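Here is a short note to read alongside the structure. Please keep the model open while going through the points.

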Amino acid sequence: MTLTFDQYVGIAGLVAGVVGVAAGIVGVVYAVKLDQKLKTAQQAEKQIEKKFMHYMAAQEFEELTRKAAGMMGSIRGREWTLVPGLADAIGPSLGQVRGARNRLLQSLEKDRLDVAATNVQAFIDSLPLAGHEEELTGDQIQTMLLRCRPLIDVASEIAGRLRVESMQQSGDKK
Amino acid sequence: MSTRNNAFFGLSDDPREVELIQSLVEKTRQGKISWSKQANALTATIPRGFQINFVLAPTSFISPNLTNWQLLTVRDTSGSELVRVTNAPMISVLAGTAKSALLDAADELFKVVNGATGDDLDRAINAIKKL
């Protein structure tokens with residue numbers, strides 16, 4: 001039996017159709033796999049962003065702690081020429097970190113930061129005018145230190161928590 | 001939410017805020033709210049997710065045993081502030097203003113909570129003595 005030209009064309013069309021369907025299936029499978037890879041990559045990217053955000057926030061709170069500790073050191077050392085400048089820098093830094101990292105903070109941390117800010121303000125208000133520093137008594141200096149202490153306590157605690165959380169996030173996803 | 005400085009605007013308290021704090025006083029007295037003492041704070045989480053925080057004032061070196069509070073907040077489940085009371089005794093004294101009803105209620109709550117945490121300590125002492 002010999003095949004006619006039309007039959008050859010028909011068989012060729014059938015084979016081409018089967019190959020086309022197979023290629024389509026392979027294409028769909030490949031696309032699904034690519035989509036999964038993309039989603040995984042997006043999740044990984046989000047995770048890295050979150051980790052980086054925690055890391056940056058931890059650094060900012062550590063910096064705030066360092067500034068406050070430095071200021072307390074200057075108060076103890078009665079370095080009155082340095083203290084006003086340090087005090088004026090702390091207020092905006094605290095407000096900036098508090099505002100920028102609000103979403104990462106727990107309710108109690110927010111409250112404690114607010115109280116720390118109030119105490120820092122009270123401390124700034126209690127600073128003596130230039131030339132009157134020698135009139136400060138030991139009790140007054142102790143009160144100044146007392147007003148700075150809450151900021152160091154809460155900022156260092158937040159920094160510690162955020163740093164640990166940034167490390168845990170990377171470990172959890174492994 | 002109240003964000004007023006209560007020392008100066010004491011008479012404009014929202015009565016519902018006062019009622020809320022007084023309810024907390026009552027439930028704490030009944031032992032239905034469990035408070036926990038943390039560093040510089042007293043906190044409680046009550047059913048339906050309300051979070052109450054007392055932030056303590058720095059302890060004075062002159063009177064280290066005298067504990068006072070500086071901020072009281074009550075938040076709902078979403079973290080929105082329902083009540084915020086600031087305690088600034090020095091301002092109140094200097095301004096010669098009377099304490100607001102809200103501040104009075106918050107003060108009362110603090111005394112009850114502080115007493116309750118003291119009771120916990122007594123219970124711990126007694127438990128250890130009985131060992």
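**Notes on the predicted model**

1. The largest nonpolar core has 50 residues. B:F54 and B:A106 have the most contacts inside that core. A nonpolar core here is a set of buried Ala, Val, Leu, Ile, Met, Phe, Trp, Tyr and Cys residues joined through C-beta atoms within 7 Å. Buried means that 20 or more other C-beta atoms lie within 10 Å of the residue's own, with C-beta atoms placed from the backbone. B:A106 touches B:I21, B:L72, B:V85 and B:N87, leaving out residues up to four places away in sequence. Contact means C-beta atoms, placed from the backbone, within 7 Å.

2. This is a predicted model: local features need pLDDT of at least 70, side-chain atom pairs count only at pLDDT 80 or more, and totals for chains, interfaces and linings use all residues. Residues are numbered from 1 along each chain as its sequence is written, while chains are lettered from A and ligands numbered from 1 in the order in which they are written.

3. Take helix 1 (residues 5-76) of chain A and helix 2 of chain A. Their axes come within 10 Å and cross at roughly 160°. Helix 1 of chain A is therefore roughly antiparallel to helix 2 of chain A (an angle over 145 degrees). The crossing is left-handed. From helix 1 of chain A, the contact includes A:F61, A:L64 and A:M71; from helix 2 of chain A, it includes A:L86, A:I90 and A:V97. The residues of this contact divide into twelve nonpolar, three polar and two charged.

4. Now helix 2 (residues 83-100) of chain A and helix 3 (residues 107-125) of chain A. Their axes also come within 10 Å, crossing at roughly 165°. That makes helix 2 of chain A roughly antiparallel to helix 3 of chain A. This crossing is left-handed. Helix 2 of chain A contributes A:A87, A:I90, A:G91, A:L94 and A:R98. Among the partners in helix 3 of chain A are A:L113, A:V120 and A:F123. Eight residues of this contact are nonpolar, two polar and one charged.

5. Where do the chains meet? 14 residues of chain A are in contact with 15 residues of chain B. Helix 3 and helix 4 (138-172) of chain A are the elements giving two or more residues to the chain A side. Helix 3 of chain A gives the most, with eight residues. The chain A side divides into four nonpolar, four polar and six charged residues.

Terms used. Axes fitted to C-alpha atoms, helices over the stretch in contact; angles between N-to-C directions. Helix = DSSP H or I, 4+ residues; strand = E, 2+ residues; numbered from the N terminus. Parallel < 35°, antiparallel > 145°, perpendicular 65-115°, else oblique. Left-handed = near helix turned anticlockwise from the far one by under 90°. Contact = placed C-beta atoms within 7 Å. Nonpolar A, V, L, I, M, F, W, Y, C, P; charged D, E, K, R; others polar. Buried ≥ 20, exposed ≤ 12 C-beta atoms within 10 Å, placed from the backbone.
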